[in-house]
Amino acid sequence: MSEIKEGYRYSEEHEWVKVTETGTLLVGISDFAQHQLGDIVFVELPEEGAKVEAGAGIGTIESVKTVSDLFAPLSGKVIRVNSGLQDEPQLVNESPYEEGWMIELEVSGDPEELLAGLLSPDAYKALID
């Protein structure tokens, strides 16, 4: 069974979003998504400073099975990327919610209000069941 974390919000494309202590948003893919992909061998992420639009493609995730697009769950500016994934893409499989995060976004507006448009943990569980 896939782990779904409380305190996170989810997109229908299987990205998760978590508000940091500073009000920025960490983004990654869910445990369900990494299980579906299999062993991840490469992650392509946007550049720091890039502006991203909700629902737009922002990178790719390559596994031994397939290549999948990574989508921005919300609009904002990429202020940090997880550069550790360049050398260790398997962190997404090993720790999708902690060490396998992908980007950090700065958004305009109240992050909690923006997250209201994403799926709650219960709604995400219903989506994947």
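**Close-up views: salt bridges and cores**

**View 1. Glu 3, Lys 5 and Glu 98 form a salt-bridge network.** A salt bridge here is a side-chain nitrogen of Lys or Arg within 4 Å of a carboxyl oxygen of Asp or Glu. The model is predicted: local features need pLDDT of at least 70, side-chain atom pairs count only at pLDDT 80 or more, and totals for chains, interfaces and linings use all residues. Residues are numbered from 1 along each chain as its sequence is written, and side-chain values use heavy atoms, without hydrogens and water. Glu 3 and Lys 5 have their closest N and O atoms 3.8 Å apart. Glu 3 is partly exposed at 41% relative accessible area (buried is under 20%, exposed over 50%, partly exposed in between; 1.4 Å probe, protein chains only).

**View 2. Arg 80 pairs with Glu 104 in a salt bridge.** The N to O distance is 2.6 Å. Arg 80 sits in strand β8 and Glu 104 in strand β9, so the pair ties together parts 24 residues apart in sequence (strands are DSSP runs of E, at least two residues; helices are runs of H or I, at least four; both are numbered from the N terminus). Arg 80 is partly exposed, at 38%. Glu 104 is buried, at 8%.

**View 3. The largest nonpolar core holds 26 residues.** Such a core joins buried Ala, Val, Leu, Ile, Met, Phe, Trp, Tyr and Cys residues through side-chain atoms within 4.5 Å. Strand β3 gives the most, with 3 residues. Ile 103 is among the residues with the most contacts inside the core.
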